[in-house]
Amino acid sequence: MTSSSRKDWDTYFMDIAFMVSTRSRCPRRHVGSVLVQGKKLLGTAYNGAPMGVPDCSEAGCMIVEEFEPAVPSDSAGGMKKKQRCIRTIHAEQNLLMFTDRVDREGSVVYVTDQPCWTCANMLANSGIVEIVFHRIYPKDHDKVAALMKQKGIGFRRIDDYVAPPDTEVQDGA
Ligand SMILES: [Zn+2]
Ligand SMILES: [Zn+2]
């Protein structure tokens, strides 16, 4: 491999997050996240049901319907119905449960999808200093971006990125 084709660290760790996401058994969305300190991988996690209980592939997704603004941050622009699976613990939350506080201090989280508000709120209190994501999640963008700014946590999208083949599953709706 020549130096020009060698993967940069962002691509390298995001590729790992996408590989990890393929472990997810929720057919609606596969999310993967990894904890990185310096250039060292300290943990991996994906979205899934608690251990020992049936997951989405066995028991089906647990769907809730919510209404949200059709245009994020514009509630005057009309509302649309959105379905969500709530069976799984989100990848970021599993990552926090399976890593140590001391490892998280000063570390970076790479995650396939922009964190939702709850995950972002937890990450903000976890000791990490940066969140790097690829797929956008507009619904919670404004409040999450504001929180990260308040906390001084880096919040960065890699947009110029192509996930490894056959690692992308999301409902797209
Ligand atoms: Zn599901
Ligand atoms: Zn989340």
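Here is a short chat about the fold and core of this predicted model.

Biologist: Hi! How many helices and strands are in the chain?
Modeller: Hello! This predicted model has six helices and seven strands.

Biologist: And what order do the elements run in from the N terminus?
Modeller: The order is α-β-β-α-β-β-α-α-β-α-β-α-β. With a radius of gyration of 16 Å, close to the 16 Å from the globule rule for 173 residues, the chain is as compact as a globular protein of that length.

Biologist: Nice. What box do the C-alpha atoms fill?
Modeller: Along the principal axes, the box is roughly 50 × 40 × 35 Å.

Biologist: Switching to the inside: what share of the residues is buried?
Modeller: Buried residues are 30% of the 173 in the chain.

Biologist: How many residues does the largest nonpolar core have?
Modeller: That core has 27 residues, and those with the most contacts inside it include Ala17, Val34 and Val111. Two or more residues come from each of several elements, among them strand S1 (32–37), strand S5 (108–113) and strand S6 (130–135), as well as helix H1 (9–21).

Biologist: Which element gives the most to this core?
Modeller: H1 does, with five residues.

Biologist: Back to Val111: what is it in contact with, beyond neighbours within four places in sequence?
Modeller: Val111 is in contact with Ala17, Val31, Ser33, Ala91, Glu92, Ile131 and Phe133.

Biologist: Last one: among contacts with a separation of 6 or more, what share joins residues 24 or more positions apart?
Modeller: Those residues account for 58% of such contacts in the chain.

How values were computed
Residues numbered from 1 in each chain as written. Chains lettered and ligands numbered in written order. Predicted model: local features only at pLDDT ≥ 70, side-chain atom pairs only at ≥ 80, totals over all residues. Core = buried A, V, L, I, M, F, W, Y, C linked by C-beta atoms within 7 Å. Buried ≥ 20, exposed ≤ 12 C-beta atoms within 10 Å, placed from the backbone. Helix = DSSP H or I, 4+ residues; strand = E, 2+ residues; numbered from the N terminus. Contact = placed C-beta atoms within 7 Å. Rg over C-alpha atoms; globule rule 2.2 N^0.38 Å.
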